[in-house]
Amino acid sequence: MSPLKMMSDANSLHYSDLTEDDVEEVIAFMAEHFYPREPVSTGLHMTYDDNKEWIHGSVRDWVKSGVSVVARDPITEKVAGTILATILTRDQSNTYEQALMSPKSKVKTLHTVLSVLEAAVDFFSRYQKVDRILELAMITVSEEFSGRGVGRRLVQESENRGRRLGCQLATAQATAVPSQRLLYRLGYESLYTMDYTTFEIAGDRVFDTDKMLGTPSAKVMAKHIDEDLKER
């Protein structure tokens, strides 16, 4: 096997905790690789510039969580992928309320959608023995490494960190078909579906579904990551 082919494999990348030193590079990576391919953003005609006011603070919060991960090519040290995640508790069970106060209508609409998804399933009521939840917020892999297992490895790395920090359940608001397929393959189940074609805010449909990259709906997904607390 040639060195080039070997470096294309997910297991050849270096996976590490996301740190403050990574923040600006990861945000630039997301601007290039996440927002142009994320259906809620494209369906709302949002760009990275629309998200500038909140994304820096959110990424720094995700750094503090201890469950966000960055994957780098060990030769070039370039970012190949990242997963941004946080930990929810019974005292702090949501993450998107602050951005609902934004003066920008697109940002408010985006976070209304995300808040609806986050609140759609009351996990702490559904799973009485769960008190810490790993919430996967964003998964991004560069086009160069797509289809090579990097997304799968990033989810597993975040799950491992969440498990060590006492999380019993992992959840995600999967807004795109590729992330939904990935999570299904990793054993997640869908507990709620938001149909993009019919979703309304104050009686108005908000999505331009022709721009949503073939994704018809978002799904709230979950998986037990603590073997001792598996329940239905």
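**Briefing: sheet and helix packing in a predicted model**

Strand β5 (residues 169-174) and strand β9 (residues 217-224) pair in the antiparallel sense, over six bridges; two strands count as paired if DSSP finds at least two bridges between them. Helices (H or I, at least four residues) and strands (E, at least two) are DSSP runs, numbered from the N terminus. This is a predicted model, in which local features need pLDDT of at least 70, side-chain atom pairs count only at pLDDT 80 or more, and totals for chains, interfaces and linings use all residues. Residues are numbered from 1 along each chain as its sequence is written, and side-chain values use heavy atoms, with hydrogens and water left out.

**The sheet**

- Seven strands form an open sheet in the order β1-β2-β3-β4-β5-β9-β6, with mixed pairing.
- The edges are β1 (14-17) and β6 (189-195), each of which pairs on one side only.
- From one strand to the next, the twist averages 20°; angles run from 0 to 180 degrees between N-to-C directions, and axes are lines fitted to C-alpha atoms, for helices over the stretch in contact.

- Helix α7 (residues 150-164) lies across β1, β2, β3, β4 and β9 and runs at about 155° to β4.
- In helix α8 (residues 177-185), the buried residues are V177, S179, Q180, L182 and L183, and they pack against β4, α7, β5 and β9.

**S217 in strand β9**

- S217 lies in strand β9 and counts as buried because its relative accessibility is 10%; buried means under 20% relative accessible area, exposed over 50%, and partly exposed in between (1.4 Å probe, protein chains only).
- Not counting residues up to four places away in sequence, S217 touches A174, T175, Q180, T193, M194, D195 and Y196.

**The α2-α4 contact**

- The axes of α2 and helix α4 (residues 48-65) come within 10 Å and cross at roughly 135°.
- This angle makes α2 oblique to α4; under 35 degrees counts as roughly parallel, over 145 as roughly antiparallel, 65 to 115 as roughly perpendicular and the rest as oblique.
- The contact is made by V23, E24, I27, M30 and A31 of α2 together with Y48, I55, H56, V59, R60 and V63 of α4.

Conventions. Contact = heavy atoms within 4.5 Å.
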